[in-house]
Amino acid sequence: DRQTLVAVLQFLRRSNLRESEEILRREARLLGDDLGGNVAAVATASPGVAAVAAVPPGKGEDREDCEVGPSSRRQAREVGSPCAARSLGSSPLCWDTRVVGGAVVVEDQPDVSAVLSAYNQQGDPTLYEEYYSGLKHFIECSLDCHRAELSQLFYPLFVHMYLELVYNQHESEAKSFFERFHGDQECYYQDDLRVLSSLTKKEHMKGNETMLDFRTSKFVLRISRDSYQLLKRHLQEKQNNQIWNIVQEHLYIDIFDGMPRSKQQIDAMVGSLAGEAKREANKAKVFFGLLKEPEFDVPLDDEDEEGENEEGKPKKKKPKKDNVGSKSKKQDPNAPPQNRIPLPELKDSDKLDKVMNMKEAARRVRLGPECLPSICFYTFLNAYQGLTAVDITDDSSMIVGGFADSTVRVWSVTPKKLRSVKTAADLSLIDKESDDVLERIMDEKTASELKILYGHSGPVYGTSFSPDRNYLLSCSEDGTVRLWSLQTFTCLVGYKGHNYPVWDTQFSPYGYYFVSGGHDRVARLWATDHYQPLRIFAGHLADVTCTRFHPNSNYIATGSADRTIRLWDVLNGNCVRIFTGHKGPIHSLAFSPNGRFLATGATDGRVLLWDIGHGLMVGELKGHTDTVYALRFSRDGEILASGSMDNTVRLWDAVKAFEDLETDDFTTATGHINLPENSQDLLLGTYMTKSTPVVHLHFTRRNLLLAAGAYSSQ
């Protein structure tokens with residue numbers, strides 16, 4: 001729209017934002033000084049239009065947003081885009097410039113009053129119920145194929161219309177509107193509606209985060225072109241400006257060509273705080289393959305010869321010595337370049353550990369529907385301190401618990417006791433050249449089954465052992481992440497970056513790097529030798545509740561209370577995947593050993609399975625009746641174990657869940673996912689505890705399943 005473009009350019013000129021003006025001219029191919037018309041004329045010509053988006057030529061009229069290329073990113077920030085300020089990682093940025101009373105008003109996200117002033121439109125408050133029920137009647141009377149898609153409008157419109165009434169101080173109308181229509185909303189929005197019902201005065205809205213989220217992030221709806229045209233025609237015929245304004249201003253309608261989606265397909269994908277993910281968000285290429293393992297000699301024992309290697313494929317007969325060190329001789333075509341991110345070099349002790357790992361792997365049990373793993377459950381008894389986190393070392397020799405009394409407790413679960421290194425004076429007496437120097441430096445007098453680490457000043461919500469078992473991470477309500485030495489059982493570093501509680505932390509599978517996520521809605525990537533974070537991953541609209549490294553360490557998955565899962569690229573900090581579909585905060589994440597799939601669990605009791613390469617949901621496992629707190633794939637990826645607050649461990653057939661996936665181009669393009677009707681076919685077993693919620697799961701190198709939780713007496 002040329003007039004709009006001219007208005008924005010004139011505004012930029014008046015504000016002395018010359019650089020931005022130039023960029024916009026280049027983007028819109030408006031060269032020379034051909035500015036005509038004036039802003040006031042544009043504004044007065046269309047008093048009914050509340051939102052004006054600048055659309056570069058070539059974009060269809062049906063796009064609800066103005067998409068800006070990377071070159072305009074800086075300029076979008078200057079113009080003050082709410083999207084730009086909030087989601088550093090999410091692409092299409094949009095400018096939010098509004099024409100109010102003859103002048104262009106530009107909004108800047110952090111300023112709450114500016115954010116709220118969008119609700120200044122004075123529609124007739126008494127007609128809001130009529131507008132909404134009119135639209136509701138139209139949608140309910142439309143054809144079945146369109147009804148499911150258009151019903152997605154109910155919730156965002158309901159919220160925005162209610163907030164608009166509250167903001168303009170029509171309190172009684174707002175109350176009556178809420179009471180009349182809140183029962184029509186989908187059940188998975190109940191928690192949000194509870195928060196909303198407490199906002200009854202304009203003053204309440206000022207400091208409310210939910211309110212700000214809703215206002216600053218456009219709610220994304222994915223609708224087929226036919227359904228969208230139907231809606232547009234209806235609103236234009238009815239002259240229903242109030243609703244059309246909200247659709248234009250606060251919603252992002254992602255239009256696709258093709259068949260409308262069914263109710264089941266939509267229900268599977270919606271439910272997050274900001275609607276679905278834009279399809280654009282899941283288009284970036286992701287290197288989900290595994291890195292090539294370094295090669296070194298492994299002496300094979302006689303009984304190892306018939307075993308299986310890491311990937312679970314039977315090995316051919318081998319001579320005594322051979323290079324079994326590499327998982328696969330060929331480079332995985334989907335793997336990132338080996339040097340894409342700097343990874344620490346293998347120390348001799350790491351190589352030794354890999355040799356041990358392979359020997360163990362040779363004796364690994366091949367799991368499947370006919371051969372389920374044994375489960376060994378570690379129950380924390382009398383845990384009056386309040387167990388809040390558990391982790392187990394990769395070789396299953398140590399277990400750590402984080403507690404609400406701010407302690408971290410480490411146990412040895414093998415007969416070998418935990419020992420500290422001797423004091424400096426004693427170490428000076430040791431013969432450094434002796435073969436057993438590593439044994440000699442340990443102080444036998446300190447040997448015990450349990451070590452307690454003091455240092456945090458609040459409950460410990462996350463713990464993680466380093467792959468080499470030399471270090472331990474813990475994160476706490478006190479806003480810090482601490483690195484502990486397992487040689488001296490003392491705190492080495494306190495990483496201060498989060499200002500609020502830190503809910504989770506995890507070491508990279510290669511060590512050195514670790515990730516943390518917290519109440520401040522961002523995840524941070526750290527390296528053990530830097531006291532400042534290396535990357536800050538911003539984009540979630542609520543707490544980051546859990547974090548996980550991809551097996552190749554190039555990506556990090558984060559789950560959030562905004563009910564979405566995001567995948568971040570460690571190299572550049574970009575968000576490369578956004579997965580929506582859970583109906584409650586996410587509490588567990590697990591990557592499959594081959595790196596292709598992600599399993600996620602949430603408070604809705606569902607476990608969802610995602611294909612990372614295509615950015616699609618490929619499965620839904622129903623069975624748990626409470627929050628899923630733990631997920632783990634077996635070492636070869638044949639079985640997925642899930643543990644929940646409902647006191648059960650469930651085993652699922654992962655091979656069957658991921659076979660015969662229909663990921664054709666159409667499905668990828670439109671999100672028409674076809675989930676199997678019945679996930680009970682995939683359930684291999686359910687194991688009850690007496691009264692112990694399951695907090696952690698871990699497969700040993702031989703595929704024995706370890707589970708842990710604290711006994712609760714009620």
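These exercises look at salt bridges and one surface patch in a predicted model.

Residues are numbered from 1 along each chain as its sequence is written, and side-chain values use heavy atoms, without hydrogens and water. Local features need pLDDT of at least 70, side-chain atom pairs count only at pLDDT 80 or more, and totals for chains, interfaces and linings use all residues.

**Exercise 1.** State how many salt bridges the whole structure holds.

Solution. Start with the rule. A salt bridge is a side-chain nitrogen of Lys or Arg within 4 Å of a carboxyl oxygen of Asp or Glu. Side chains of opposite charge can pair when their charged atoms come close. Now search the whole structure: 35 salt bridges turn up.

**Exercise 2.** Describe the salt bridge between Glu140 and Lys136.

Solution. First, the distance: the closest N and O atoms are 3.9 Å apart. Next, the place. Helices (H or I, at least four residues) and strands (E, at least two) are DSSP runs, numbered from the N terminus. Glu140 and Lys136 sit four residues apart in helix α7 (residues 128–141), so about one helical turn separates them. Last, the exposure. Buried means under 20% relative accessible area, exposed over 50%, partly exposed in between (1.4 Å probe, protein chains only). Glu140 is partly exposed at 42%. Lys136 is buried at 18%.

**Exercise 3.** Find what the salt bridge between Arg340 and Asp569 ties together.

Solution. Take the distance: the closest N and O atoms are 2.5 Å apart. Arg340 lies in the loop between β7 (321–322) and α17 (348–362), and Asp569 in strand β23 (residues 564–569), so the pair ties together parts 229 residues apart in sequence.

**Exercise 4.** Name the residues linked in a network of salt bridges with Asp353.

Solution. Asp353 is linked with Asp394, Asp395, Arg469, Arg635 and Arg701.

**Exercise 5.** Describe the nonpolar surface patch that includes Tyr454.

Solution. Patch residues have over 30% relative accessible area and no salt bridge; like charges are joined within 9 Å, nonpolar side chains (Val, Leu, Ile, Met, Phe, Trp, Tyr) within 5 Å. Here the members are Leu450, Ile452 and Tyr454. Together they have about 280 Å² of accessible area (Shrake-Rupley method, 1.4 Å probe; for residues, only the protein chains shown count as cover). Tyr454 lies in the loop between β12 (450–453) and β13 (460–465). Tyr454 is exposed, at 60% relative accessible area.
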